[in-house]
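Colleague: Please show the structure, and then let us discuss it in questions and answers.

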Amino acid sequence: MEKPNNVLLEVQDLKKYFDTPKGKLHAVDGVSFTVERGKTLGLVGESGCGKSTAGRCILKLLQPTAGRIIFDGEDITNYSNRKMRRLRTEMQMIFQDPFSSLNPRQNVMQIISEPIYEHKLIRGRKEIEKRTLELMETVGLASRLINTYPHELDGGRRQRIGIARALALKPKLIICDEPVSALDVSIQAQILNLMKRLQKDFGLTYVFITHDLSVVKYFSDDIAVMYLGQVVEKAPADELFENPLHPYTKKLLSAIPLPIVAKDKPKRSLIKGEITSPINLPDECRFNKRCDFRSEVCLERNPELQEVSPNHFVACARVQEFM
Amino acid sequence: MTENILEIRDLVVHYETDEGCVQAVNNINVIIGKKTILGLVGETGAGKTTTALSILNLVPNPPGIIKSGSIILNGVDVLKLPPKKMEEVRGNDVAMIFQDPMTALNPVMTIGEQIAESVMIHGERSKEKALNRAREMLEQVGIPASRSGDYPHQLSGGMRQRVVIAIALACNPKLLIADEPTTALDVTIQAQILELIKELNRKFDTSMLLITHDLGVIADVCDRVAVMYAGRIVEEGTLEEVFNDTLHPYTEGLFNSLPNLRKRGEELVPIKGMMPDPMNLPKGCAFAPRCPYTIDECTEAVPELKKIGSHLVACRRYEDKNFRLRRNS
């Protein structure tokens with residue numbers, strides 16, 4: 001039966017807590033979002049905000065503490081590893097560091113074809129080699145590199161291998177965890193263009209996890225900004241950049257160093273302090289200690305995400321005053 | 001004494017390995033005046049860090065060899081100094097901060113002791129005075145002096161980088177070299193550290209060489225910019241000249257690769273291909289194989305850094321008076 005809507009991934013109230021000697025660490029604390037087919041959701045935030053943990057929970061590489069993950073209409077939250085195995089072909093991941101995520105003792109052919117063997121997608125050596133070469137062409141790797149090892153290649157090419165490997169199983173969803181952060185700008189642009197082209201050609205859906213707001217603006221349809229395990233603002237990309245409402249989002253945007261020299265260049269406003277500990281959080285706004293607009297209401301309870309204009313969600317007790 | 005804090009003249013540095021000779025730095029000239037912040041921008045493998053290590057005379061040897069050139073720091077050629085004298089120069093005249101603040105700090109010493117240690121190596125006899133100086137420096141970089149008994153693991157990444165800056169500035173160096181000082185930090189923390197660097201530059205009158213791949217960071221902090229490619233400086237000028245009147249095709253390519261200058265969803269314009277192999281540099285301009293403006297002359301000889309209009313550029317296309325980059329037309 002055809003699905004009534006176009007949603008590929010739905011995450012509802014996702015929570016992941018870790019037990020630490022000091023108490024419960026709230027890595028992801030009630031995150032919800034949906035991603036439509038062929039679209040990109042950007043998940044943005046600083047180190048420790050829980051964006052990577054959320055990504056790993058979606059793929060069930062980590063078992064969520066609570067919440068629901070609905071992939072292509074199926075609730076996969078409590079799927080066993082065996083049941084997940086079938087779905088692995090449909091959801092893949094691209095990692096940040098293309099060096100440590102590739103097996104140094106495998107050559108390009110082995111790395112890219114391993115998932116094909118593993119899932120018995122194609123049989124026969126010849127056929128698999130043909131498919132590998134096809135994948136290499138798709139991601140722009142010269143066929144002569146098929147017998148080289150990762151250490152012989154530069155970062156850009158290594159990341160292309162990671163992408164080819166993720167594409168090998170023809171997935172619907174790819175979780176990209178900082179895929180270009182380790183690359184030089186000129187190579188970064190090549191990889192971003194490639195990923196964008198692949199999305200168009202294969203109808204891929206991306207969840208794009210990054211701390212780099214300029215990359216996310218270029219790449220995403222919707223953006224969710226995370227702070228200490230929670231989404232504090234969520235909106236279509238253009239709307240978020242033009243009309244940020246949460247004080248944290250505003251500060252985050254203002255912190256990007258702009259590569260321009262001009263008299264009317266906006267002055268940056270610094271955020272004070274640093275991210276607080278995600279362990280044993282009190283029931284108050286998690287950003288209040290660093291916020292310029294802190295007041296009594298911020299300490300009453302942890303504000304919920306509310307829709308302030310169509311598709312624009314903000315979790316801030318004082319948001320009406322900023323509109 | 002000259003007005004300039006640093007003058008690098010015709011510096012050539014090679015790494016001689018079993019596989020061949022890596023031409024890391026190929027005849028560069030750099031001048032940093034008093035209180036100036038010079039940004040050295042380029043991609044991985046451009047020779048930025050080797051240049052910095054040469055100033056400290058710390059190029060790992062073997063395999064690194066400073067083939068020729070001179071580095072005049074505060075009137076003295078550091079390449080001619082005996083090792084003992086060089087140790088005095090490091091810390092007193094020039095100090096360096098590194099990218100990763102965790103590996104730069106000693107994990108089993110308190111941060112106060114680490115700052116005090118550097119003060120004592122450079123002449124302070126009394127441990128008590130050195131520790132006082134350490135507490136003073138911590139306050140300067142925005143850490144409460146009461147935390148001087150903390151160990152590095154008790155601090156966040158941003159605070160660790162503040163400690164590294166405190167150590168570097170404890171002896172009032174005339175030149176501070178910062179090699180990707182904020183690359184490992186989050187944007188909001190990066191903004192704080194850049195602000196601190198600017199403030200300290202004003203307060204202590206320190207000149208600075210800031211190495212980064214991030215043009216945004218350059219625009220924020222620097223007075224002058226030198227763009228490096230394959231071991232050579234291809235463009236140099238004031239911040240405004242390089243950003244608003246870009247001359248070299250490589251610099252233009254760097255700007256075009258940045259996502260935030262383009263409209264959303266539009267295709268980025270990356271520089272095609274990759275950096276040449278530093279063991280096997282092309283005969284002419286090293287950027288020619290990737291350059292959209294290449295003509296035959298470009299591949300014949302290495303272009304010299306020459307003044308074109310407002311500032312310096314190494315590109316033979318400007319022999320044609322009518323040549324303009326697309327960015328400028």
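**Sheets, helices and the contact between chains**

Modeller: In the hairpin formed by β9(A) and β10(A), with two residues between the strands, A:L228 has a positive phi near 45°. Helices (H or I, at least four residues) and strands (E, at least two) are DSSP runs numbered from the N terminus, and two strands pair if DSSP finds at least two bridges between them. This is a predicted model, in which local features need pLDDT of at least 70 and side-chain atom pairs count only at pLDDT 80 or more, while totals for chains, interfaces and linings use all residues. Residues are numbered from 1 along each chain as its sequence is written, and chains are lettered from A and ligands numbered from 1 in the order in which they are written.

Colleague: In which sense do β9(A) and β10(A) pair, and over how many bridges?

Modeller: Strands of a sheet pair through backbone hydrogen bonds, either parallel or antiparallel. One pair of facing residues here is A:I223 and A:A235, the latter in β10(A). For β9(A) and β10(A) the sense is antiparallel, over six bridges.

Colleague: Why is β9(A) largely enclosed by the rest of the structure?

Modeller: A residue is buried if 20 or more other C-beta atoms lie within 10 Å of its own, exposed if 12 or fewer, and partly exposed in between, with C-beta atoms placed from the backbone. From β9(A), A:D222, A:A224 and A:M226 point one way and A:I223, A:V225 and A:Y227 the other, and all are buried. The strand is therefore largely enclosed, the number of its buried residues being six of six.

Colleague: Which strands stand at the edges of the open sheet of chain A that has eight strands?

Modeller: The order of this sheet is β6-β7-β8-β3-β9-β10-β12-β11, and its pairing is mixed. Neighbouring strands are turned by 25° against each other on average, direction ignored; axes are lines fitted to C-alpha atoms, for helices over the stretch in contact, and angles run from 0 to 180 degrees between N-to-C directions. An edge strand pairs on one side only, and the two such strands are β6 (91-94) and β11 (306-309) of chain A.

Colleague: What angle does the direction of α1(A) make with that of β8(A)?

Modeller: Two residues are in contact if their C-beta atoms, placed from the backbone, lie within 7 Å. Helix α1 (residues 51-58) of chain A packs on the eight-stranded sheet and touches β3, β7, β8 and β9 of chain A. Its direction makes with that of β8(A) an angle of about 150°.

Colleague: Which strands of chain A stand at the edges of the open sheet of four strands?

Modeller: The order of this sheet is β2-β1-β4-β5, with antiparallel pairing. At one end, two bridges join β4(A) to β5(A), where A:F71 has A:E74 as its bridge partner. Each edge strand has a single partner, so one side of each is left without a neighbour in the sheet; these strands are β2 (23-36) and β5 (74-75).

Colleague: Is β8(B) mostly covered or mostly open, and how many of its residues are buried?

Modeller: In a regular strand the side chains alternate between the two faces of the sheet. In β8(B), B:S207, B:L209 and B:I211 are buried on one side, and B:M208, B:L210 and B:T212 on the other. The strand pairs in the parallel sense with β3(B) over five bridges, and with β7(B) also over five bridges. Strand β8(B) is mostly covered, its buried residues numbering six of six.

Colleague: From which element comes the largest share of the side of chain B that touches chain A?

Modeller: In this contact, 37 residues of chain B meet 32 residues of chain A. The elements giving two or more residues to the side of chain B are α7, α8, α9 and α10 of chain B. The largest share, seven residues, comes from α7(B).
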